[in-house]
Structures are given as C-alpha cells and as structure tokens.
Amino acid sequence: KLVEDAIAALPTELTLEHKSAVQNAADQYAALTNTQKVLVTNKAILDAAQSTMAALALKQAANEAAAKTVENAIAALPKTITLEQSATVEAVNKQFTALTAEQKALVTNQDVLEKASETIAALQAVQEANNTAAKAVENIIAALPTNITLNDATAIQEAASNYDRLTKEQQALVTNEAVLEAAQATIAQLQAEKEQADALQKENE
C-alpha cells in the first residue's frame, strides 16, 4: 500500500524535477518481495513514469550538448571584433538561432554573441558611410573634363576641397585620386604659364 501511494502521488505531467520522486517510488517497489510486488496495482504507472524520466533525461542531454556546441563557438570568437569576423559572427548567430528555446536558455555566454553582433553592425554602418562619402567625391572627380583649361580651376579646387574633407579611411577608398592630382598639376602648370606670359607682355609694353 505504501508503494502504491508513492506511485499514485507522482504527478501526471512529469519533469526532470520529479526525478527523485520517481526514483524513490522505484526503489520502494524494488525493495518488495515478489509476492508483495504482485499486489501493487499501479505498477504500469511507475513503468510509464520511469520511461518518461529516461526520455526527459535524453532530451536534456541533447539540449545541453547542442547548447555547449554554440557556447564553444561563441567562446572561440576573438575579443576584438573587426569586419574580418563578419562571416564568423554571422555563422555563430545562425547556429544560435537554430537552437530551440530550451537550448538557447542553456547558452551561458549569449551576451558575448550579442555584443559581437552589435559591434559588427556598427562597423558595417561606418563602412557604408565611408563608402558613400568616398563615392560622392569619386563622382565629382570623374565629372572633371579630360582636357583641362584655366576655366576649370574652380571646379578642380572644389573637387580637391571635397577630397580633403574626407577622413583618411574615406580617402583611401577613392579610386581616382590620381585623376584629381593630375588635374591639379595641369592647372598649376597652366597658371604658371599664364603668369609667365603676362609678365612678358608687361615687360614689352
């Protein structure tokens, strides 16, 4: 009767928290003699409870293994995140996203992954802003005429001013800086020739 009561006291919805209760009921049943065991009318409930606990334990072990794999991947991320790690961080994010809610709850360093993702997003935003700024100046330079005359001095100066306002990182992204430098050199030469011509004309007057 005591064993039957112990089995009857087991909850209908079992979780891993009930492991001790199920084990205690099983131990009590195992301690009975064969004659006493025959008298236990709810042995099937105990059997089902033990099967349920075994399945829950397997599921928990699988969840812990899946979470540990992602934890290890997060722990392997470098402390200093750069754009070069974008693909790696994205891959780890996909691994984490693929976990179930139960598995995600077991990942103890999720905050590290979140910070890495935020860093990548911020760096990508900066990169995009730099690319946009550099491209705008590239377009200004590309619009300069091929055959430079003194009439183009203002346009070239504006292009140079726009280039100078860029950061060093942005300037490094400008692919046609040489075109601007050539235009500036041509203007300088044309202006020098004009000054020389004007000086000669003044002497001849």
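Residues are numbered from 1 along each chain as its sequence is written. Because the model is predicted, local features need pLDDT of at least 70 and side-chain atom pairs count only at pLDDT 80 or more, while totals for chains, interfaces and linings use all residues; side-chain values use heavy atoms, with hydrogens and water left out.

Helices are DSSP runs (H or I, at least four residues), numbered from the N terminus. Helix H10 covers residues 177-204, which is 28 residues. The expected span of a helix is 1.5 Å times one less than its number of residues. Leu 180, Ala 183 and Ile 187 of H10 are buried. Here buried means under 20% relative accessible area, exposed means over 50%, and partly exposed lies in between (1.4 Å probe, protein chains only). The cover over the buried residues of H10 includes helix H7 (110-142) and helix H8 (153-164).

The packing of H8 on H10 was examined next. The two axes are 10 Å apart, and the angle is about 140°. Axes are lines fitted to C-alpha atoms, for helices over the stretch in contact, and angles run from 0 to 180 degrees between N-to-C directions. H8 and H10 are therefore oblique to each other. Angles under 35 degrees count as roughly parallel, over 145 as roughly antiparallel, 65 to 115 as roughly perpendicular, and the rest as oblique. H8 passes H10 in a left-handed crossing. A crossing is left-handed if the near helix is turned anticlockwise from the far one by less than a right angle, and right-handed if clockwise. From H8, the residues in contact are Ala 153, Ile 156, Ala 159, Ala 160 and Tyr 163. From H10, they are Glu 177, Leu 180, Ala 183, Gln 184, Ile 187 and Gln 191. Contact means heavy atoms within 4.5 Å. By class, the contact of H8 with H10 has eight nonpolar, two polar and one charged residues. Ala, Val, Leu, Ile, Met, Phe, Trp, Tyr, Cys and Pro count as nonpolar, Asp, Glu, Lys and Arg as charged, and the others, Gly among them, as polar.

Helix H2 (residues 19-30) packs against helix H4 (residues 43-75). Their axes come within 10 Å and cross at roughly 135°. H2 and H4 are therefore oblique to each other. Their crossing is left-handed. Lys 19, Val 22, Ala 25, Ala 26 and Tyr 29 of H2 meet Lys 43, Leu 46, Ala 49, Gln 50 and Met 53 of H4. This contact has seven nonpolar, one polar and two charged residues.

Helix H5 (residues 86-97) packs with H7 at about 140°, with axes 10 Å apart. That makes H5 oblique to H7. The crossing of H5 and H7 is left-handed. H5 contributes Ser 86, Val 89, Val 92, Asn 93 and Phe 96 to the contact. H7 contributes Gln 110, Leu 113, Ala 116, Ser 117, Ile 120 and Gln 124. The contact of H5 with H7 has six nonpolar, five polar and no charged residues.

Two asparagines were also examined. Asn 109 sits in the loop between helix H6 (101-105) and H7. Its relative accessibility is 14%, so Asn 109 counts as buried. Leaving aside neighbours within four places in sequence, Asn 109 is in contact with Glu 71, Ile 74 and Ala 75. Asn 72 lies in H4. At 44% relative accessibility, Asn 72 counts as partly exposed. The C-alpha atoms of Asn 72 and Val 107 are separated by 9.6 Å, and these residues are 35 residues apart along the chain.
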